[in-house]
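User: Hi! Could you walk me through how the helices pack in this model?
Analyst: Happy to, here it is.

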Amino acid sequence: MNVSLMRIFLLHCMFSLMAVGGANVLLPELHRHVVDLNGWMSSTEFASLYAIAQAAPGPNVLIVSLIGWKLRGIPGALVATIGMCGPSSVLTYGVSLLWDRFKASPWRRAIEQGLAPITIGLVLGSGCLLARAADLTFAAYAVTAVTAVVAYRSRFNPLWLLAAGAALGLTGLL
Amino acid sequence: MDTARPTPTLRELFTGFFMIGLQGFGGVLPIARRMMVEERQWLDDKQFTEVLGLGQLLPGPNIVNVSIVVGKRFHGLAGSLTAMFALLFAPLVILLLLATLYGQYGQLPAVRHMLSGVSAVAPGLVLAMGARLASKLDRRIWTGLLVLATFAAIALWRLPLLHVLAIGIPVGIAFGYQNVRRGEKP
């Protein structure tokens, strides 16, 4: 496979600025570019990279590191990760500088108060979308619901709940 | 109200985000909230919601944006770079090791089954985090309605996120502005 590092970098810079809403929103677009438009890998290979990214700890966005790795090894992985996180991080840093400047402004408080409910609606909505995508059986929905209640009511470390889920998954019930 | 909160050192920023990266299975945000709000108390739930709001609104991976904003809040540019590097470094190394050693292991049935369990738990954690943040929100009619409307637009009506933001943000800011003008009294 001979895709230049520069091309991998620039492509991910574009993804970085497109990814409003984060990595999960970007997934179909990644698939479109990597599989359909450029034919860099098959749909199955893409799915298996996604599975590895999900099984490993860390932000979901690191699927792009695996794409870079598949194309050009370790340098490809680094270039894709830097491209994906660089431009958006520079923008975010700039905005938070600006944000500090308006510390005393009533507009800043208006924006913060106005955005808070939307942020929370997005979190809850994305939880439902994730459940709909991942839960294929009634039992899996039940696990999601029980997790939500237990995690809200108790202060268990989420890692225990994830481990319990993995163990339950091994039984093949889900 | 802010003075009681500890300011993390650069080293603490590093270890905090390092642990968030290492523990984030199936989604990092619930772990991030737990670490920053409950364990280390760098932020309260309201501040976390503000930071997350900025992270969602701007392009790029949400948690990376959160690491930039939180790092900057405590230590400027050095803080941002430290937090982002700490967040990504360990997961990246683990991922590349896994990919190199077991390129095919995603196909193994045992791994698939474990993943189906993890991915059923992960949305539950996200929902619980949303409920916790909602419980700390100012209780007003408009805030409740906006939460519901945004939720419905995303989860039930499945509208594109950009459309939801394009409508939701101005509406939210208009209510927020009214609220500030009324002197922020309930």
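**Helix packing and the chain contact**

Analyst: Helix 6 of chain B and helix 7 of chain B run roughly antiparallel to each other (angles over 145 degrees count as that). This is a predicted model, where local features need pLDDT of at least 70, side-chain atom pairs count only at pLDDT 80 or more, and totals for chains, interfaces and linings use all residues. Residues are numbered from 1 along each chain as its sequence is written, with chains lettered from A and ligands numbered from 1 in the order in which they are written.

User: At what angle do helix 6 and helix 7 of chain B pack, and how far apart are their axes?
Analyst: The angle is about 180°, and the axes are 11 Å apart.

User: Which residues meet there?
Analyst: From helix 6 of chain B, Trp142(B) and Leu146(B) are among them, and from helix 7 of chain B, Val164(B) and Phe175(B) are among them. Contact requires C-beta atoms, placed from the backbone, within 7 Å.

User: Switching topic, how many residues does each chain put into the contact between A and B?
Analyst: Chain B gives 86 residues and chain A gives 82.

User: Which helix of chain B brings the largest share?
Analyst: That is helix 5 of chain B, with 24 residues.

User: Nice. And how do helix 3 and helix 4 of chain B pack?
Analyst: They pack at an angle of about 130°, with axes 8 Å apart.

Conventions: Axes fitted to C-alpha atoms, helices over the stretch in contact; angles between N-to-C directions. Helix = DSSP H or I, 4+ residues; strand = E, 2+ residues; numbered from the N terminus. Parallel < 35°, antiparallel > 145°, perpendicular 65-115°, else oblique. Contact = placed C-beta atoms within 7 Å.
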